[in-house]
Amino acid sequence: MNENTASQHDDDHAAALLSGRQPALTGCPWHDVNEMLQSAGLRPTRQRMALGWLLFGKGARHLTAEMLYEEATLAKVPVSLATVYNTLNQLTDAGLLRQVSVDGTKTYFDTNVTTHHHYYLENSHELVDIEDPHLALSKMPEVPEGYEISRIDMVVRLRKKR
């Protein structure tokens, strides 16, 4: 990218942020990760870029910190497990990931941040999206005064028939 192209890119990105719309993604995972991080207000450090590329370069997925750390190790990305946890939490706080807890012992990070629910396959410890957009709870409890529902996460646990 030459200086004029970089300047135009920065101007386009700034205009996109000021207008409140997301920057256009190009289909190039490295460029798209950079755009995603910047649009969320996160500095695109080398480690965030590498972990973002591993996370978002393969479409919608569900990963634990340990799974991402293993992928990073195999990809020769020099990163500690603590950095993986910190990055996943920063991406979640920025709205780029969705955190899904199973059993209170296992936390998955979902690259699909749209409203949806999950199946948890107990035998393989896998989280799978439920593809029913009309799924709804029939009755919600009263929300305590001063609170509002931010999101509802339903995890349906499945196991093989015996």
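## Helix α3

In this predicted model, the buried residues of α3 are Arg48, Met49, Ala50, Leu51, Gly52, Leu54, Leu55 and Phe56. The helix spans residues 46-56, and eight of its 11 residues are buried, so the rest of the structure largely encloses α3.

## Crossing with α4

Helix α4 covers residues 65-74. Its axis and that of α3 come within 10 Å, crossing at roughly 110°. Angles of 65 to 115 degrees count as roughly perpendicular, and α3 and α4 are therefore roughly perpendicular to each other.

On the α3 side, Leu51, Leu54 and Leu55 make the contact.

## The largest nonpolar core

The largest nonpolar core holds 22 residues. Leu55, Leu68, Leu88 and Leu91 have the most contacts inside this core.

Helix α3 supplies the largest share, with six residues.

What does Leu88 touch, leaving out residues up to four places away in sequence? Its partners are Leu55, Ala65, Leu68, Leu97 and Phe109.

## A separate core

Another core lies apart from the largest one. This core has five residues, including Val102, Tyr108, Tyr120 and Leu127.

Methods: Residues numbered from 1 in each chain as written. Predicted model: local features only at pLDDT ≥ 70, side-chain atom pairs only at ≥ 80, totals over all residues. Heavy atoms only, no water. Buried < 20%, exposed > 50% of the residue type's maximum accessible area, 1.4 Å probe, protein only. Helix = DSSP H or I, 4+ residues; strand = E, 2+ residues; numbered from the N terminus. Axes fitted to C-alpha atoms, helices over the stretch in contact; angles between N-to-C directions. Parallel < 35°, antiparallel > 145°, perpendicular 65-115°, else oblique. Contact = heavy atoms within 4.5 Å. Core = buried A, V, L, I, M, F, W, Y, C linked by side-chain atoms within 4.5 Å.
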